[in-house]
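Please find below a colleague's note on the model under discussion. It is arranged as numbered points, to be read beside the structure.

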Amino acid sequence: MTGAVFQETTAELRTQSVPLAHLSLELGHLYMEDFEAGPARLREHFAEVRIWADAVRASAARRSKRPRISTCFLVDDYFTRFSTPAELVPMVLAEAERAGLVIDYLARESACAVADRIELAESVTHRLVESPPPGSHGSRPPVSRTGWLANGERTPAGPRSALGEVKGWQPPQETAARNHSIFMDVELWSERDGRRLWSCPFLAAVWQLARLGLLRHLGEPVLVPAQWTGTDFPQDWDRLPPLVRLTDTAAAFSAYRTCTLLPNRFLAVEDAVRLILDQTDVDAGALRQVAERSAAEGMPVPAAVAQRAGYVFYEEPGGFSEAGET
Amino acid sequence: MTAVRGRGARTVLACGEVRTCLLPSLQALDARAAAQLLRLRADVPVRISERPVLHALSPEVLTGVDCRLPTADGSRVRGVGTVTARAALTEGRLLQATACFSLPAAGPDTRRPWGQYLVRPGLVEPFGKLPRQATAAGVLRGAGRGELDLGMISEGLLAQVRRHPLLDRRVPFKSGPTRLRWVAWRTPAGERAALVNFTVAEGGLRTVELRLPEDVPASAAAGLCEDLALHDWLLTTVQHLLDNSRLGAADGPSAVGALYPVVVHLLHLWMPRAHVDPALGHLWDALEDRPGFSRQWENLSRRIRDRLALQAVAVPHQALGTR
């Protein structure tokens, strides 16, 4: 009810807004194998990334004379735990600086699963609305219970004719196919010892939503950056806040658009991320805020969320790509 | 019809279906339990309003559809988009589920990327021009085979809520569910909303036609129709219980036993327009004029109270104790 004298706060829905930059630029994503390859590998990585980061900044400058760009870096502490923040973070920052790059925000990958005791990944699963293949008239379950999400109809399982006739193989069908299908089926999670293990693409989709300022919990912002002023980083990943601000940048962590710089072996993962984003019903209040504010700044965002995420895929620098594919 | 293809395209028709039933629980739920029951999403709160009656409203969930729209004249129009569904619980006792969507006058001839539909929840776009009359009539008639089925979606949500472990799946008395199908014709902003028709059909089916100004959201129409459906269910159910108790003929403890649940569980639920958008509150006036919903309710309650009073005079206390 609006405009009434009497109000009950528990009866209203409110979505708090978050500060927004123009662009969130991800400078890298560190896995254990990268770390094990030593500082030289990071050095090569940042030297390559520097070139593309400059190109992305030049591109952003076409939209705005004074683009607000924040940079971020993600460390995997979810699939494998390695090293310690005290050892790793200074090394990453030093190698970035050597290449002339500044990392404003550092996040832990496990923050995309649970951050500040809020189950972000779980919440996003409740928001999945599968793209309906033609003929869907309301009988499909609204949320995937299988842990898989596809971009079309799967090949029917086995011979299922009641009359016993054996049916031949039928191809899967991409719903939005142009002439021919490119069918994709993405595993969102697996169960191990009764515990749910989120897949890399699913956590990366949550990460994109966070960077796009579209995540809320009961109307409140989540994954709010904690300022890190000290020089000594903790010995344990759990003692590092899920998202830390490392500089005094004025540019907010979340932004209208994202750009992610990645070696080309991540292409399939990010394609899966787009598939997930394309079937996620994000918080309507947050969506409206981003649309209105970006339009007011003369840089309206694309309507579809997946279209707001840009990428640069590059060839892994000299001799390191083989190590990464193991 | 300008800019129908744009992002903020105008809609010309909104439609929905409400299912109303008694919550399968011996005890009515309090606000906390109601919030737990209707928490369809982890990150969106259940809206709780305690005055003037306890009303809990779930977050909205979406169902993707790509199928023929229900049409009364058999015209085949494909629609693609999302249907919103939500559940409501009143006084921890009456459970409702609504599925609804809106339609623009026309849509593109091809299916667009799914993400573009998701950013406009509750909108179903027709391929080409929408046959407005035929679709409205089709929705009120109910979906045919393979047509967009609001009843199936609302029933699905109702079934999901009823399966909640919080419920003991026992009912304090027998009652039937009702269905209310509604369509709202969009009118220019600023015009006054109107109730065009309210029909009580057989088999627990009710149909409602509204005129809804563009500046009033479809969710407000859904709220009004939930309110109408709830009060219609109360009238229907209490009337039915009274009929079965053979109030005129029976006497003694059996009649009291039949009326007991009405007094305990239902009499205090009558609260028209309690949670209706102020822009639509006046639509109740038409129904109060004729047939006079509240008049009928007062009459029913008076009969019950009189009956129980008589019983109390005639029979010693042990009769009331037997429920």
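The points that follow concern a predicted model and take up a helix pair and a sheet in chain A, then a group of strands in chain B.

1. Helix 5 (residues 200–211) and helix 6 (residues 267–277) of chain A have axes that come within 8 Å of each other and cross at roughly 60 degrees. An angle from 65 to 115 degrees would count as roughly perpendicular and one under 35 degrees as roughly parallel; the two helices of chain A are therefore described as oblique to each other. The crossing of helix 5 of chain A with helix 6 of chain A is right-handed.

2. Which residues form this contact between helix 5 and helix 6 of chain A? From helix 5 of chain A come C200(A), P201(A), F202(A), A204(A), A205(A) and Q208(A), and these meet V269(A), A272(A), V273(A), I276(A) and L277(A) of helix 6 of chain A. By class, ten of the residues in the contact are nonpolar and one is polar, with no charged residue.

3. L106(A) has V244(A) in strand 13 of chain A as its bridge partner.

4. In chain B, strand 12 (residues 205–213) pairs with two strands in opposite senses. Strand 10 (residues 178–187) of chain B runs parallel to strand 12 of chain B, with nine bridges between them, and W182(B) stands opposite V208(B). Strand 11 (residues 194–200) of chain B pairs with strand 12 of chain B in the antiparallel sense over six bridges; here L195(B) is the bridge partner of L210(B).

5. Strand 11 and strand 12 of chain B form a hairpin, with four residues between the strands. In the turn, G203(B) has a positive phi of about 70 degrees.

6. Which face of strand 12 of chain B is covered, and which uncovered? The covered face carries R206(B), V208(B), L210(B) and L212(B). The uncovered face carries L205(B), T207(B), E209(B), R211(B) and P213(B).

Key. Residues numbered from 1 in each chain as written. Chains lettered and ligands numbered in written order. Predicted model: local features only at pLDDT ≥ 70, side-chain atom pairs only at ≥ 80, totals over all residues. Axes fitted to C-alpha atoms, helices over the stretch in contact; angles between N-to-C directions. Parallel < 35°, antiparallel > 145°, perpendicular 65-115°, else oblique. Left-handed = near helix turned anticlockwise from the far one by under 90°. Contact = placed C-beta atoms within 7 Å. Nonpolar A, V, L, I, M, F, W, Y, C, P; charged D, E, K, R; others polar. Buried ≥ 20, exposed ≤ 12 C-beta atoms within 10 Å, placed from the backbone. Pairing = 2+ DSSP bridges.
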